[in-house]
Amino acid sequence: MLNQDKLLSDIQYEVLGYLNEHPEACDTVEGISQWWLLRRLAQYSTDRVQAAIDQLVANGFIEARLLDDGQCAYCRSTDHDKNFRLQA
């Protein structure tokens, strides 16, 4: 379980790092997996990325937005000044 927690933490760190560099970015889990985490794509399954994203949403770091096609896109929280803290 420790390795699983570490993996989710690594994904979350990379997602928050990407949003720190690209604050207007917004994409689906598939897009995040393919483009934001490109260099680690082979290591991160979409299910693991979804689990990490779900935790970030639950903690208020990012928001889910429903798209017209029914998919969810994930973006930096509009309350990011309060919530968005990237720990080194």
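Two strands count as paired here if DSSP finds at least two bridges between them, and helices (H or I, at least four residues) and strands (E, at least two) are DSSP runs numbered from the N terminus. The model is a predicted one, where local features need pLDDT of at least 70 and side-chain atom pairs count only at pLDDT 80 or more, while totals for chains, interfaces and linings use all residues. Residues are numbered from 1 along each chain as its sequence is written, and side-chain values use heavy atoms, with hydrogens and water left out.

Overall, the protein has 4 helices and 3 strands, laid out along the sequence as α-β-α-α-β-β-α. The 3 strands make an open sheet in the order β1-β3-β2, with antiparallel pairing. Its edges are β1 (26–27) and β2 (62–66), each pairing on one side only. Helix α3 (residues 46–58) packs on this sheet and touches β2 and β3, its direction making about 105 degrees with that of β2; axes are lines fitted to C-alpha atoms, for helices over the stretch in contact, and angles run from 0 to 180 degrees between N-to-C directions. Within the sheet, D27 sits opposite Y74 in β3.

As for the interior, 34% of the 88 residues are buried (under 20% relative accessible area, with exposed over 50% and partly exposed in between; 1.4 Å probe, protein chains only). Neighbours within four places in sequence aside, I32 is in contact (heavy atoms within 4.5 Å) with V15, D27, L37, V49, I53 and Y74.

Charged pairs are quickly listed: the whole structure has 2 salt bridges, meaning a side-chain nitrogen of Lys or Arg within 4 Å of a carboxyl oxygen of Asp or Glu. One links K6 and D10 at 2.8 Å, N to O; these two are 4 residues apart in helix α1, so about one helical turn separates them. In the other, E63 pairs with R65, the closest N and O atoms being 3.7 Å apart. E63 is partly exposed, at 23% relative accessible area, and R65 is also partly exposed, at 38%.
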